[in-house]
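Dear colleague,

I am passing on a structure to you, together with an account of what was found in it. Please look at the sequence and the coordinates before reading on.

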Amino acid sequence: MSNDHGHHKQSFISKYVFSMDHKMISKQFLITGIIMGVIGVSMSILFRLQLAWPETSFPILNWLFGDQWAPEGRLDSGFYMGLVTIHGTIMVFYVLTAGLSGTFSNLLIPLQVGARDMASPFMNMLSYWFFLLSSIVLMSSMFVATGPASGGWTIYPPLSALAKAMPGSGVGMTLWLVAIILFIVSALLGGINYISTVLNMRTKGMSMNRMPLTIWAFMLTAILGLLSFPVLLGGGLLLMFDRLAGTSFYLSDIFLGGGVGALEQTGGSPILFQHLFWFLGHPEVYIIIMPAFGITSEVIAVNARKPIFGYTAMIISLIGISVLSFLVWGHHMFITGMNPLLGTIFLVMTLIIAVPSAVKTFNYLATLWKGSIRFTNGMMFAIGLVSLFITGGLTGIFLGNAALDISLHDTYFVVAHFHLVMGSSAIFGMMAGIYHWFPRMFGRTMNKTLGYIHFWLTFISAYMVFFPMHFQGLAGVPRRYYSFNILPEFAPWLDVNVFITLAAILGGVAQIIFLYNFFSSIFAGEKAVQNPWQANTLEWTAPVEHLHGNWPGEIPTVYRWPYDYSLPDADEDFIPQNVPDKGSSEEIHVAPVTPETSDAKEPKEDNVMLFTLVKNWLGLGKA
Amino acid sequence: MLAAAKMDEYSNRPGKMHPKKFSLMLLIVGMTMLFLGLTSAFLVREAEGNWLHFDLPTEFIYSTVAVLISSASMFFALRSAKQDNLISVSIGLAITLVAGLSFVYLQYAGFNDLASRGIYFSPANGSAGGLVSGSFVIMFVALHLLHLLGGIVFVAVVLVKSLLSQVHKKNTLSISMCNTYWHFVGVLWIYLYLFLYFAPQF
């Protein structure tokens, strides 16, 4: 293997635009994710203005959206729904799936498993460009005459299947579907690469039981995506056919007013779409939260200066969550007239999924327990994730109960639950990752004081926004209502809405601090040292200056798991994975090299049987 | 070049599948999920009633035979490549290509057969009562055909390579990947055929 990876010339276009280097692609995902995040969060603040002050005119709304969508500075009701829909879509798919998983899987998988790049750098590049194209198509739907999709991010038919149903069901909905199909292609290209890289390209000594929990989380996330996104693709295709080809997979016996009359379509089932959607939709929330878990595991262990508590239990929990996540989708559909026996099965499975989730949170707490905690910005956000996940997770037990769900379904209780358990939590995980690996990405560190201000304002505002919503939901206030001053029953909640909106604005301001800190630190942040957090994982052994190929010489060999912190007999309180045990380095180092040298003369074996691979993954293969 | 050097670094290891081939297998897993999801949707919808049962076109039996022949010839081509029998590789791939194209024609004939019985993809074309079972069947066949067309392109590319003597004992990656994908679309068709054949009894 030649050692000249970093020294081949690259043009500006091949280095920064059509880059095939996983580190650059991760930055592309991050920056695009941040831009989409700014759009998504801004939308939420704008529609919260309507909820807090329904009668007030806001010139900024008129300036932004014009007379059609914000006449006299008040949001049009249809456009309000459009903003809610696009906000949800952006945050779920574009920020917390691609922005989070795309960024950190790309950055960390090759660096932490000890690979020069992804299994297919070209597919990796395509993955980003499909994502960007998808983002552009989605945002373009804001500019069509009938407005963006406005049937909610879950796009239930018949609203989404009938172009004539409402303005937001027109071209905007078609663009939404095209955007999601492009997104699925991107997610699959990325996911296949992540799994393939983790399973096939680990460096010497990096057995599965020595992998950092980040890698376990990213790999299982990619597996979830690979198994669930194609099902949404199928559901989306059927919806597309219903909209454009006149089929009736989801449409049946519909009579439209306004002179349209009865539709031709009969025999479809709108509930069928919900099954297909939630078969992705539920794993999707784990696709969002599991990378954040992985990041948190790493950040907490590094900054508590302790081995992660229950490494094996953490892996088993991740696998348990992954398997169970495919068996609980029905809890989103308790009120669709589901057979009570089926409902009970989904209820039980849903409550069981609380077990691995609880194992993870207890393990985080046990890792923190009696640690020499370093309250870095990353650590603060990681602990914030644990707090928000517990708070949001507890209400999941209410909602997973089929009987309670009858009254709580589609209320603000649901909004509060998922915004805490997977919205804010995952954002906190993402922030923890950004602060922690910023030195690895940009060779500089972010400003710590601004980081603290960002953390506290975000943490406080997250609770101030979402905690009161539980009470609204318990009182039966439905989600997605445009105006709270039409029904007198809602009048008492107007003051609460004002409070929530002010808190949301506070949260928005906090993100401006983050944006300033992030972008200014890229250019003017303090220069980072090689291993600023004194962490054990391999990414900190690669040079600060980015090389295509990651390490200038040989890829480091791994001799230990990544959580050797504060070992009693060690000289320092951390032992990186590439440091051999005293006295035994020779033996371990030589063994894997010998067969490789002799094997190099043989032709490549392309047909390794699957069971041989599985045996090797399980550590049962020949040494 | 980095990518090529990098691949060598990993694919030379004993007991490791080539990352490209492994990625293809993952892609196949994704495709399988697409069809499993859609056939599950078929069952859910069928269970709700208001469902027209109809016989599958006879052409689909012939196309099943064509797909079996193509799989056998593909297997023959791969084995020949491993034995460095270059002419047999090209012959095997050519038979696969012809059988694959026959499959496409037979599916097209199957669509015509369905249309002659008034079964169309969309009710706008006049299907009786807008019953959705025909839409499902035609969608399955068309979606499979799309995957098979990808396979035909793949086979054609490998055939050209073999004619240029680039497919041999020491370079089996492309034919091995082509073989895996082709068998997948074949098995997928047999699954779909059996599924649709027995669906009325579910």
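The notes below take chain B and then chain A.

Please bear in mind throughout that this is a predicted model.

Chain B

Chain B contains 6 helices and 0 strands. Read from the N terminus, its elements follow the order α-α-α-α-α-α. The chain has 202 residues, of which 43% count as buried. If one takes the contacts in chain B between residues at least 6 apart in sequence, 76% of them join residues at least 24 apart.

Helix H2(B) covers residues 19-47, which is 29 residues. From its first C-alpha to its last, H2(B) reaches 42 Å, close to the 42 Å expected at 1.5 Å a residue. Just after H2(B) comes Gly49(B), which takes a positive phi of about 85 degrees.

Two helices of chain B that pack against each other are H5(B), residues 133-163, and H6(B), residues 173-198. Their axes are 10 Å apart, and the packing angle is about 160 degrees. An angle over 145 degrees counts as roughly antiparallel, and H5(B) and H6(B) are therefore roughly antiparallel to each other. The crossing in which H5(B) passes H6(B) is left-handed. On the H5(B) side, the residues that meet H6(B) include Val137(B), Phe140(B), His144(B), His147(B), Leu148(B) and Lys161(B). On the H6(B) side, the partners include Ser174(B), Cys178(B), Tyr181(B), Trp182(B), Trp189(B) and Leu196(B). By class, the residues of this contact between H5(B) and H6(B) divide into 15 nonpolar, 4 polar and 1 charged.

The loop between H5 and H6 of chain B holds Ser165(B). Although Ser165(B) is not a glycine, its phi is positive, at about 60 degrees. Is Ser165(B) buried or exposed? Ser165(B) has 11 other C-beta atoms within 10 Å, so it is exposed.

Chain A

In chain A, the axes of helix H2(A), residues 22-52, and helix H5(A), residues 121-140, come within 10 Å and cross at roughly 15 degrees. That angle makes H2(A) roughly parallel to H5(A). The two helices, H2(A) and H5(A), cross in a left-handed manner. H2(A) contributes His22(A), Ile25(A), Gln28(A), Phe29(A), Thr32(A) and Met36(A) to the contact, while H5(A) contributes Asn124(A), Met125(A), Tyr128(A), Phe131(A), Leu132(A) and Ser135(A). Sorted by class, the contact of H2(A) with H5(A) has 7 nonpolar, 5 polar and no charged residues.

A second pair in chain A is formed by helix H11(A), residues 377-399, and helix H13(A), residues 412-442, whose axes come within 8 Å and cross at roughly 160 degrees. H11(A) and H13(A) are therefore roughly antiparallel to each other. H11(A) passes H13(A) in a left-handed crossing. The contact of H11(A) with H13(A) has 15 nonpolar, 13 polar and no charged residues.

The loop between H5 and H6 of chain A deserves a separate paragraph. As background, most residues other than glycine have a negative phi, and most peptide bonds are trans. Ile155(A) lies in this loop between H5 and H6 of chain A. Ile155(A) is not a glycine, yet its phi is positive, at about 35 degrees. With 23 other C-beta atoms within 10 Å, Ile155(A) is buried. Pro158(A) is also placed in the loop between H5 and helix H6 of chain A, the latter covering 171-200. Which kind of peptide bond joins Pro157(A) and Pro158(A)? The bond between Pro157(A) and Pro158(A) is cis, with omega at about 10 degrees.

Leaving aside residues up to four places away in sequence, Leu220(A) touches Met290(A), Leu318(A), Ile319(A) and Ser322(A). Gly393(A) is 173 residues away from Leu220(A) along the chain, and the C-alpha atoms of these two residues are separated by 21 Å.

With kind regards

Technical notes
Residues numbered from 1 in each chain as written. Chains lettered and ligands numbered in written order. Predicted model: local features only at pLDDT ≥ 70, side-chain atom pairs only at ≥ 80, totals over all residues. Helix = DSSP H or I, 4+ residues; strand = E, 2+ residues; numbered from the N terminus. Expected span 1.5 Å × (residues − 1). Buried ≥ 20, exposed ≤ 12 C-beta atoms within 10 Å, placed from the backbone. Contact = placed C-beta atoms within 7 Å. Axes fitted to C-alpha atoms, helices over the stretch in contact; angles between N-to-C directions. Parallel < 35°, antiparallel > 145°, perpendicular 65-115°, else oblique. Left-handed = near helix turned anticlockwise from the far one by under 90°. Nonpolar A, V, L, I, M, F, W, Y, C, P; charged D, E, K, R; others polar.
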